[in-house]
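Biologist: Could you open the model, please? I would like to go through its helix packing and its sheets.

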Amino acid sequence: MNIASRRKLLLAGLGFGAGLTAFGPARAQSAKAQPLRLVASFSILADILRQIAPADAEVGALVGPEGDAHAYAPTPGDVKRLAAADLVAINGLGFEGWIERLVKASGYRGVLQVASAGLVPRKLGPTPDPHAWHDPASVRLYVRNLSTALQALRPAQAASVRERTDAYLQQIDRFDHSARARLGAIPESGRRVITSHGGFGYLGGAYGLEFLSPLGWRNDQEPSAAAVARLIAQIRKLQVRAVFIDSLKDSRLMQQIARDSGAVVGGQLHGDALTRPGGEADSYLRLMEHNVATLASALGAAPAPRN
C-alpha cells in the first residue's frame with residue numbers, strides 16, 4: 001500500500017470531529033488570557049512561527065524535526081492537538097496535500113494561515129514548487145503573513161509580535177547579505193549543483209546557482225535507470241565537481257552517481273526538515289547557514305570571514 005493510501009485510511013479512522021471541542025465564541029473568550037497554542041505543519045515553519053509569536057506561546061509541528069512531510073501520516077495525538085489549536089500555519093503551494101482532510105477529521109474551526117499567501121511560485125510545468133523557504137525573500141513574506149495573523153488573533157500582544165517580527169526580519173537580512181557574499185564568490189564554472197532532492201530551486205534562483213537532480217520534489221520518488229544515466233552524462237559533460245546528499249534521502253544513489261561521474265560528494269544539505277535540537281540545522285537560519293557553508297566550501301568559494 002502506498003503512502004497516499006495509508007494516509008487516507010488513517011484519516012478515515014481518525015474521525016474525531018464529532019467528539020472534539022470546536023472553537024466557538026465561549027471558548028475564544030475564555031482562552032484570551034491563556035498562552036496561544038500554535039501548530040505548524042512541519043518543523044521549518046514551526047521555527048519561523050516560534051521566532052515571532054509571543055514568548056509564552058506554545059508552538060508545535062505536526063511533522064517534527066527530521067520528519068518527511070511528503071510521507072506524513074497523522075496520529076490520534078495530531079488530530080487532538082489540531083483541534084485544540086488557536087492557529088494552524090501551513091506552507092501551502094500543495095506541500096501539505098493531506099491538510100484539508102486532517103482539518104476536517106479534527107473538527108478544527110480556527111485560523112488556517114497559509115504562510116506563502118501572495119507568493120508567485122516557481123513552477124515545473126503547471127505544478128508549483130512548494131519549497132519557497134529556501135529563498136529568504138519568500139520567508140520575509142511568510143513572516144509578515146504569520147505576524148499579521150498573530151496580531152489579529154491576540155491584539156493585546158500585537159506590540160510584542162511586531163517587535164519580535166522586526167528583530168527576526170533583521171536576522172534574515174543579515175543572513176541574506178552574508179550568503180550573497182559567500183555564494184557570489186563561487187567561480188562561474190562551478191555554479192552547477194547536483195542534489196538528491198529537487199527542492200532547492202528557490203535557493204538557486206536567489207543566489208545564482210543551477211540545481212539539477214535525478215529526483216523530483218518528493219522524497220518518496222525514485223529515478224529510473226535512464227534518468228540516472230542521463231544525469232551522469234550531464235555531470236561529465238558540464239564537469240560538475242560535486243554532488244550533494246539531502247538529509248532525508250538515502251545517500252547510496254548519490255554516492256553511486258559521484259563514483260560513476262568522477263564527481264565528489266560535497267556534503268549533506270537540509271531541505272524539508274530541521275535536525276533535532278542541538279543538531280547542525282535545528283532552526284531555519286541554522287539550516288540555511290549550513291547549506292550555504294556546505295555549498296560554498298565544496299564549490300570553491302573563499303571561507304567566510306571570522307567575526
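Modeller: Contact here means heavy atoms within 4.5 Å. Helices (H or I, at least four residues) and strands (E, at least two) are DSSP runs, numbered from the N terminus. This is a predicted model, in which local features need pLDDT of at least 70 and side-chain atom pairs count only at pLDDT 80 or more, while totals for chains, interfaces and linings use all residues. Residues are numbered from 1 along each chain as its sequence is written, and side-chain values use heavy atoms, with hydrogens and water left out.

Biologist: At what angle do α3 and α7 pack?

Modeller: The angle between α3 and α7 is about 120 degrees, and their axes lie 7 Å apart. α3 is therefore oblique to α7. Axes are lines fitted to C-alpha atoms, for helices over the stretch in contact, and angles run from 0 to 180 degrees between N-to-C directions. Angles under 35 degrees count as roughly parallel, over 145 as roughly antiparallel, 65 to 115 as roughly perpendicular and the rest as oblique.

Biologist: Which residues of α3 and α7 meet?

Modeller: From α3, D47, I48, R50, Q51 and I52 meet V161, R164, T165 and Y168 of α7. By class, this contact of α3 with α7 has four nonpolar, two polar and three charged residues. Ala, Val, Leu, Ile, Met, Phe, Trp, Tyr, Cys and Pro count as nonpolar, Asp, Glu, Lys and Arg as charged, and the others, Gly among them, as polar.

Biologist: And how do α7 and α11 pack?

Modeller: Helix α7 (residues 158–184) and helix α11 (residues 284–299) make an angle of about 5 degrees, with axes 10 Å apart. α7 is therefore roughly parallel to α11. Among the contact residues are Y168, I172 and F175 of α7, and M288, V292 and L295 of α11. The residues of this contact of α7 with α11 divide into 12 nonpolar, two polar and two charged.

Biologist: Now the sheets. What is the strand order in the one that has β1?

Modeller: That open sheet of four strands runs β2-β1-β3-β4, with parallel pairing. Because β2 (58–63) and β4 (111–114) stand at the edges with a single partner strand each, one side of each is left without a neighbour in the sheet. Neighbouring strands of this sheet are turned by 25 degrees against each other on average, direction ignored. Two strands pair if DSSP finds at least two bridges between them.

Biologist: How many bridges link β1 and β3?

Modeller: Strand β1 (residues 37–42) pairs with β3 (residues 87–90) over three bridges, in the parallel sense. The partner of L38 is L87 in β3. Helix α3 (residues 43–52) packs on this sheet and touches β1, β2 and β3, its direction making about 145 degrees with that of β1. Helix α4 (residues 76–83) also touches β1, β2 and β3, and its direction makes about 140 degrees with that of β2.

Biologist: What about the sheet with β7; what is its order?

Modeller: It is an open sheet of four strands, β8-β7-β9-β10, with parallel pairing. Its edge strands, β8 (210–212) and β10 (264–269), each pair on one side only. The twist averages 35 degrees from one strand to the next. α11 packs on the sheet, touching β7, β8, β9 and β10, and its direction makes about 170 degrees with that of β10.

Biologist: I noticed D246 in β9. Is D246 buried or exposed?

Modeller: D246 is buried, at 1% relative accessible area. Buried means under 20%, exposed over 50%, partly exposed in between (1.4 Å probe, protein chains only). A polar atom of the D246 side chain lies 3.4 Å from the backbone nitrogen of G271.

Note on methods
Polar contact = N/O pair within 3.5 Å; in protein donor to acceptor, adjacent residues only side chain to side chain.
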